Amino acid sequence: MEKAIKRYAPIFVLPTFLAFTIGFIVPFFQGLYLSFCQFTTAKNAKFIGFDNYIRVFQDETFLDSFGFTVMFAIVSILSINIIAFALAMILTRDNLKGTNVFRTVFFMPNLIGGIVLGYIWQILLNCVLSIVGEPLLALNSTAGYWGMIILMCWQQIGYMMIIYIAGIQNVPEALVEAAAIDGATSWQTLTKVKLPMVMPSITICVFLTLTNSFKLFDQNLALTAGEPRHATEMLALNIYNTFYARAGAQWKGLGQAKAVVFCILVIVISLIQFRATHSKEVQQ
Amino acid sequence: MKKKLLSALLSVAMVATLLAGCGSSTGAAEEAPANDAAAKEEAAPAEKEEASAEGGSVYYLNFKPEQDEAWQNLAKAYTEATGVEVTVVTAASGEYETTLMSEMGKSSAPTLFQVNGPVGLQNWKDYCLDLTGTDIYNELTSDSFALSEDGMVYGIGYVIESYGIIANKTLLAEAGYDVADINSFEALKACAEDITARKDELGFGAFSSAGMDPSSDWRFKTHLANLPIYFEYQADGISATPAIKGSFLDNYRNIWDLYINNSTCDPAELSAKTGDDSRAEFLAGEAVFFQNGSWEYGSLTADGAFTDEDLVMLPIYIGAGDEANQGLCTGTENYWCVNSQAEEADIQATLAFMNWCVTSEEGTTAMANDMGFVIPFKKAVESPNLFVKQDTEYTAAGKKPVSWNFTTMPSEEWKNGVGSALTAYAADQTDANWDAVVAAFVDGWASEYALANGQ
């Protein structure tokens, strides 16, 4: 049986592979090629070598956006994961009633799209800011930064919480009981027993929040649109603005080159993170 | 084992998101070619057949969503009359450049599209046919409506629009003023400040909110900014410049102060006010003045909100130049371009269609009545649009229209810079913040001009 499956594997894989080739591999390499070109439309590209890449690293807005994105990623990864893990701990306790309701409620923000969330939070935050007499979001990069952190926490905590709950529920009861018999405090049980056991969940959650923070676009566009003066512009929005908000062929290739740099950056950073946390996982 | 399975599943999910991540990161640019490949296969054969049967077809990528229906009808009428296939596609509001960019990559690319002036032309110059000597060029009432560069005609302005300060005559009379009294910046300022002083008694404010949300900020960072640029160009006798001097920026500050401090809302809230907010305030009679253009005529008179008797458009006085003879700001930023890379038969069909639109009775009537356009062509029919008629009256009375020089602004980025600085100044009206506006205006112009023309 297994042999038969193996023999026909290429046929089973074919539809997905075709879709993947058309939808991802071909445009990816086309994009890679275009990043070395000056062009207005994709079929009318002129090869110019590494010029675009040189300009990427001369472009201050790109470097500023990178700095802002890193700042955002650090704070949002920490806050999302810590809060999500804490919620998961609380909602896996046996003596708490209505945990399913709470899980559903916390998960729900994740079902709303980023653009919609961005606009809703823009209205909310602007109301709060005008009540406390601070400049509104479009003039206030600090508020824009924290607004985005709040928005992302609100949206992603529920999702990460579900993954953590699955991990915590998988910690064998026997281990926890054994620890209790050995006289471990609840803090020791958490750090020495539960945390190592849920390490696979931590790997995946940190990975998801890391890539989501770096790729963040919709929420950024809707909440602040990079205002004031590109101070809250993250990498993805910077690329978009380079490509679409500028007139002239010289900008298209630059935007494309930025996108390639960005893609490599996200892959490298997430691979490093994956190795770092994956090595801490323990096998039962 | 169970653990292993879980981690295996998680890894799969992870790889999937990683790949999805790469997809979206470079996706914006790459989606288009992928779509194109599919579209190419579908559209190409159909296109070919038509070309051989009819000897060319027209594909018009329309910029103005308000006129979509009218264009569709006109295209149908043209097809019935001549048998030539005309496809009209309208880009979503604010998405014209992106739509054009992906459509142009297809084998059935638009044969007729538009650019918004010399700066927009930079993107599409390679695709614009030289229209010198074509029938439609010869129909233009003035060469100034053609978009020319290096002795070539790349675009034909097909609609003239005017903007100024739209005033509610009824409210103005209630406040004790007559339209004829407002004939200079000083008079406008006196009137607006008097209305603000008596705001509680009258129950309305002077200006509708000068919203700096992206749906409305172009009224100030582009249209209002045109005035100091216009007067500087007039004073220096030029029509474009690599470096603006900002000679009239004090006037710009005066009019901006007037707008924001005699408004319906606190200037600090302007950053979140939208174009709809502003229009709604004007429609509800909460404000007397509303800076906008002839394109607003439809929404202001829809459902009988206002009649022609209630409305008037005043020139935007900023206390510069010859105010007694200043007219409305009139010009165009809508230029028709013909795709030079299209099939020869399609190009000919497109030129014939354009010519028909502006010379035939059916075409000119549709453009004037259904679309509400004033078109700068010899056989144009008079439009029922009140503001457009007023522009004609002003000109007939010897007032000189203010031309649209914002098409020479170096880039969108420049406009955004001025817009941001204006918003910051509105929230906190200090000299230091105004200096930031001046810096964005003057220094920003030079640096953006260098960026746009450098490479």
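Okay, let's start with one residue: Y8(A) counts as partly exposed because its relative accessibility is 42%, where buried means under 20% relative accessible area, exposed over 50% and partly exposed in between, using a 1.4 Å probe and protein chains only. Quick housekeeping: this is a predicted model, where local features need pLDDT of at least 70, side-chain atom pairs count only at pLDDT 80 or more, and totals for chains, interfaces and linings use all residues. Residues are numbered from 1 along each chain as its sequence is written, chains are lettered from A in the order in which they are written, and side-chain values use heavy atoms, without hydrogens and water.

So where does Y8(A) sit? You'll find Y8(A) in helix 1 of chain A, residues 2-34 (helices are DSSP runs of H or I, at least four residues, and strands are E runs of at least two, numbered from the N terminus). Chain A has 12 helices and 2 strands, and 46% of its 284 residues count as buried.

Now, the insides. A nonpolar core is a set of buried Ala, Val, Leu, Ile, Met, Phe, Trp, Tyr and Cys residues joined through side-chain atoms within 4.5 Å. The largest one has 75 residues, and W256(B), F289(B) and F441(B) touch the most other members. Helix 11 of chain B, residues 249-261, gives this core its largest share, 7 residues. Another core, of 61 residues, lies apart from it, with L87(A), L125(A), M161(A) and W251(A) among its members.

Last, W256(B) again: leaving aside neighbours within four places in sequence, its contacts (heavy atoms within 4.5 Å) include F220(B), L224(B) and W434(B).
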